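Here's a quick briefing to read with the structure open beside you. Take it topic by topic and find each residue as you go.

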Amino acid sequence: MKAFSIFIALFLISGSCPEYANSQTDSCSSNLAAVNGAQFPFDTSSLNCDAVWNAQDYILRYAQASPNVWSFVLSAPNIDCFVAMGFSPNGDMVGSSAIVGWVDSDGVGGVKQYYLGGQTPAQVLPDQGNLVIVGNSTSIVAVDSTIYMGFQLNASAPGNQLIYSVGPAGILPSSPSYRLTQHQNMVTTTMNYLTGQTQTVKAPYSNLKKNHGILNMLGWGILLPIGAIIARHCKEWDPIWFYSHISIQSLGFILGLAGISCGFVLEHKLSAIVSHHKGIGIFILILGCLQMMAVLARPDKASKHRKYWNWYHHNVGRLLIFFAVVNVFYGIHLGLAGRGWDVGYGIVLVGLFIIAAVLEARMWMRK
């Protein structure tokens, strides 16, 4: 259990979404007119300025240029990623329209509008959206370590629910499809254009989503493999191994059941379409129930049927753990939790695999 505690600690350290170092390459005290090379096709001399995403050093400059035209300049560290600013009607990413810009290693940049019609890259459509961009107003330029993306919108009052995102390093949209890959990190905010205040908005049902992921990861994806390792390699400490195995597996089943229950509630609240993830989860729950019922029908050690029961119990358990691990990673992907969760859970699995491999080698050496 000491080793398990160490891996859990590593998981918690790595589990948060990664953030780029705050190099503060730009600030509201900087004058765009004095930045050599940052040229825009509209006046930027009197823009308001706000630090909208401190974790990624996103700076937004904006102003109402005329009764129906608004000017925007978004600056961010130039880290070979796309930068995006979305306007959402309800605070959700799905259904929003975004301005996305990038500059490649050769200094060639691009700016496009995208419509976010769903949660997969195929549903993020280039050159579509509800924003009315002023003709020839978009521009993007990399100056030293900062990227500047400018554009103007035809609107009497632009939406105040804004979404900012940063793409994965080294993966930029390219012709002919200009498909946008899943972002590395994102934040939802509300903007008061009169006061210039930005407030970060918590994603709807974010706590429920996090509880769903943690309960399933801990129950099905961590405790069950630990219980299986104990059952295979700790039988010399009889009957402690048996009661430990039963206790850990029962706790894992209870936590997993709670996690799946959270998933059903979450699906209803968000009207999410996650049929594959849900189907695998139900299959895992069925296998878990079969395992729990199998304990009640466990033959005595002297029974001639005991070897068949062992074969069934061991292989159903292996199948359950395999699908649990797959579904945990799939859930991290669907939940857009970020690479930190993949890495954190991966560290735990690698640790458990190393422990199991060492114990397996020890068992074979004894034989």
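**Aromatic rings**

Phe72 is buried, with a relative accessible area of 0%. Keep in mind that this is a predicted model.

- Which ring does Phe72 stack with? The partner is Phe151: the ring centres sit 5.2 Å apart and the planes meet at 20°, so this pair counts as stacked.
- Is Phe151 buried or exposed? Its relative accessibility is 0%, and anything under 20% counts as buried, so Phe151 is buried.
- Searching the whole structure turns up 15 aromatic pairs.
- Another of these pairs is Tyr62 with Tyr193, which is edge-to-face: 5.6 Å from centre to centre, with 80° between the planes.
- That pair also links distant parts of the chain: Tyr62 belongs to strand S2 (residues 58-66), while Tyr193 is in the loop between strand S11 (185-192) and strand S12 (197-201), 131 residues apart.
- Tyr62 has a relative accessibility of 1%, so it counts as buried. Tyr193 comes in at 14%, so it counts as buried too.
- Now put the names together: Tyr62, Trp70, Phe72, Phe87, Phe151 and Tyr193 make up one aromatic cluster.

**Charges over rings**

- Look for Lys112 over the face of Tyr178, at 4.6 Å from the ring centre.

**Cysteines**

- A disulfide is a covalent bond between the sulfur atoms of two cysteines.
- How many disulfides does a search of the whole structure find? It finds 1.
- The two partners are Cys28 and Cys49, and their sulfur atoms are 2.1 Å apart.
- This bond links distant parts of the chain: Cys28 is in the loop between helix H1 (2-14) and strand S1 (48-53), and Cys49 is in strand S1, 21 residues apart.
- Why is this disulfide called left-handed? The torsion about the S-S bond of Cys28 and Cys49 is about -80°, so the disulfide is left-handed.
- Cys28 has 38% relative accessibility, which makes it partly exposed. Cys49 is at 26%, so it also counts as partly exposed.
- Cys81 is buried, with a relative accessible area of 4%.
- Cys234 is buried as well, with a relative accessible area of 18%, because the cut-off for buried is under 20%.

**The second largest pocket**

- Rolling a probe the size of a water molecule over the atoms shows where empty space is left.
- The second largest pocket has a volume of about 1,200 Å³.
- Of the 41 residues lining this pocket, the closest to its centre are Ala228, Ile229, Ala231, His245 and Ile321.
- Which helices each supply at least two residues of the lining? They are H2 (206-233), H3 (240-270), H4 (275-296), H5 (306-334) and H6 (339-366).
- H5 gives the most to the lining of the second largest pocket, contributing 11 residues.
- Sorted by class, the lining of the second largest pocket has 23 nonpolar, 10 polar and 8 charged residues.

Methods. Residues are numbered from 1 along each chain as its sequence is written. This is a predicted model: local features need pLDDT of at least 70, side-chain atom pairs count only at pLDDT 80 or more; totals for chains, interfaces and linings use all residues. Side-chain values use heavy atoms; hydrogens and water are left out. On a 1 Å grid over the protein atoms alone, a cavity is a set of points where a 1.4 Å probe fits but cannot get out, and a pocket is an open set with protein on both sides within 12 Å along at least five of seven lines; lining residues have an atom within 4 Å of a point. Grid points are joined across faces, edges and corners, and a volume is the space filled by probe spheres set on the points. Helices (H or I, at least four residues) and strands (E, at least two) are DSSP runs, numbered from the N terminus. Ala, Val, Leu, Ile, Met, Phe, Trp, Tyr, Cys and Pro count as nonpolar, Asp, Glu, Lys and Arg as charged, and the others, Gly among them, as polar. A disulfide is a pair of cysteine sulfur atoms within 2.5 Å. Buried means under 20% relative accessible area, exposed over 50%, partly exposed in between (1.4 Å probe, protein chains only). Rings of Phe, Tyr and Trp (its six-membered ring) pair if their centres lie within 6.5 Å; planes under 30 degrees apart count as stacked, over 60 as edge-to-face and the rest as tilted. A charge sits over a ring if NZ of Lys or CZ of Arg is within 6 Å of the ring centre and within 35 degrees of the ring normal.
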